[in-house]
Structures are given as C-alpha cells and as structure tokens.
Amino acid sequence: GMANIGYRPTVTSAHELSIEAHFFDFDEDIYDQNITIKFVYKIRDEVKFESEARKQSEASLKQAQQVARVGNWVWHIQTNHLDWSDEMYRIFGIDQENFTGNLNDVIAKAIHPDDRAAVERSNRSVSENGKPIPLEYRVVWPDGSLHTVWAEAGEMTQDEAGNLSTLTGIVQDISERKKVEAEREAALDAL
C-alpha cells in the first residue's frame with residue numbers, strides 16, 4: 001500500500017535534535033514504531049559523530065594556539081565584555097578565576113601604563129569608526145614580568161540596528177622574537 005511519512009524536526013538545544021516521525025500504511029493503518037526508532041537513532045548517531053569531530057577539532061586548535069602562542073578573543077562592544085580562548089589567559093598571565101571579562105579591567109591591570117593610550121586609541125577607532133588598528137604592546141603579568149604581544153582584529157559583526165556588535169581578533173606573544181631582535185641589534189652595535 002501507499003505510505004504516508006510525516007516528520008517534524010525539533011532543535012531542543014545546540015547539541016540535540018529531536019525528530020517526531022509518523023509512518024502510516026493506509027492498507028494496514030499500522031504505525032511502524034521500529035522504523036521511527038531506527039530513524040531517530042541514526043540521526044542521534046550522526047549528531048554524536050559531529051560532536052566528537054568538533055571536540056577533536058577544538059583540541060587541535062587549543063594545541064596549535066599553545067605552540068604558536070596565539071590566543072583569540074571576542075569583544076562584545078555594547079557591553080565591553082571579552083570572551084577569551086584558553087591561550088589568552090596564558091599570554092596575559094591571568095587566572096581564569098580572576099578574569100572579570102571587562103575590557104577596562106584588562107587594560108588597567110594587564111597592559112603596560114605606557115602602552116594603554118595606544119590600546120585605548122585602537123579600541124576607540126573600532127567603536128567610533130569601525131576601523132581596527134593592529135598594534136604591538138606590552139603586557140605586565142602579576143609577577144611583574146613584561147611580555148610583548150601583537151594584537152590584530154578580525155571580523156566585525158553588527159546588530160539588527162546596524163550598530164557594531166562584536167569584534168573578533170588574535171593576540172600573539174612575540175616576547176621571544178623581540179628578545180632575539182634586541183640581542184641582534186646589541187651585537188650589531190658592538191661591531
């Protein structure tokens with residue numbers, strides 16, 4: 001007989017997809033529960049596989065960031081709140097527990113006093129003109145040690161009203177490179 005198949009997918013969360021499926025055979029007027037269950041499990045398996053692949057991908061990204069000493073961030077411009085990757089905390093020498101996420105706190109506590117004006121100018125350029133300015137600045141860790149970083153913005157998004165909403169970007173710890181450059185210059189000056 002003719003089969004009538006009706007299904008309604010429902011996304012219950014970012015990680016869960018529920019499918020309501022009905023299979024009717026008009027000759028027998030029987031609801032085939034087995035087919036429904038197999039169909040739902042097949043989709044659950046695919047979602048589970050995608051979730052595992054995403055976890056592996058995130059682990060690879062974390063490892064790559066650690067090796068390259070590169071962190072990524074998202075600045076929520078309206079709330080002045082930052083989201084950081086794990087490597088950002090290492091680059092800034094900040095414990096995740098002590099991180100408020102407030103951009104002003106980061107500038108006040110972690111950025112070298114002589115470099116704060118340049119960082120604030122770059123941030124203003126984004127919020128006022130939509131133009132990020134890449135820059136190099138020094139970070140002061142809680143232990144007093146100085147680290148040099150290179151910061152560069154990536155993608156900007158806007159809300160429905162056309163206002164800047166978020167800015168993404170990266171920060172790379174370039175302390176080692178700066179040290180090598182300084183040693184090379186000192187060696188050249190000695191000649």
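This is a predicted model: local features need pLDDT of at least 70, side-chain atom pairs count only at pLDDT 80 or more; totals for chains, interfaces and linings use all residues.

User: How many helices and strands does the protein chain have, and what makes a run count as one?

Analyst: A helix is a DSSP run of H or I with at least four residues, a strand a run of E with at least two, both numbered from the N terminus. The protein chain comes to 5 helices and 8 strands. Starting at the N terminus, their order is β-β-β-α-β-β-α-α-α-β-β-β-α.

User: Why are β6 and β7 called paired?

Analyst: Two strands pair if DSSP finds at least two bridges between them. β6 and β7 have 6 bridges, in the antiparallel sense, so they qualify. Within this pair, Tyr137 stands opposite Val149 in β7. The antiparallel pair β4 and β8 has 7 bridges, with Asn72 opposite Ile170 in β8. For β7 and β8, also antiparallel, the count is 8 bridges, and Thr157 faces Thr166 in β8 across the pair.

User: Which strands stand at the edges of the open sheet, and why?

Analyst: The sheet has 5 strands in the order β5-β4-β8-β7-β6, with antiparallel pairing. β5 and β6 are the edge strands because each has a single partner strand, which leaves one side of each without a neighbour in the sheet. On average, neighbouring strands of this sheet are turned by 35° against each other, direction ignored.

User: Where does α4 lie relative to the strands?

Analyst: α4 lies across β4, β6, β7 and β8 and runs at about 130° to β6. Axes here are lines fitted to C-alpha atoms, for helices over the stretch in contact, and angles run from 0 to 180 degrees between N-to-C directions.

User: Is Ser122 buried or exposed, and how do you know?

Analyst: Buried means under 20% relative accessible area, exposed over 50%, and partly exposed in between (1.4 Å probe, protein chains only). Ser122, in helix α4 (residues 116-129), has 7% relative accessibility and therefore counts as buried. Contact means heavy atoms within 4.5 Å. Leaving aside neighbours within four places in sequence, Ser122 is in contact with Ile133 and Leu135.

User: What makes Ala151 buried?

Analyst: Ala151 lies in strand β7, and its 10% relative accessibility makes it buried. Not counting residues up to four places away in sequence, Ala151 touches Pro134, Leu135, Tyr137, Ile170 and Val171. The C-alpha atoms of Ala151 and Tyr137 are separated by 8.0 Å, with the two residues 14 apart along the chain. Over the protein chain of 191 residues, 27% count as buried.

User: Why is one space called a cavity and another a pocket?

Analyst: On a 1 Å grid over the protein atoms alone, a cavity is a set of points where a 1.4 Å probe fits but cannot get out, whereas a pocket is an open set with protein on both sides within 12 Å along at least five of seven lines; lining residues have an atom within 4 Å of a point. The largest pocket has about 210 Å³. Grid points are joined across faces, edges and corners, and a volume is the space filled by probe spheres set on the points.

User: Which residues lie nearest the centre of the largest cavity?

Analyst: Of its 24 lining residues, Trp73, Leu103, Asn123, Tyr137 and Ala151 lie nearest the centre. α4 gives the most to this lining, with 4 residues.

Notes:
Residues are numbered from 1 along each chain as its sequence is written. Side-chain values use heavy atoms; hydrogens and water are left out.
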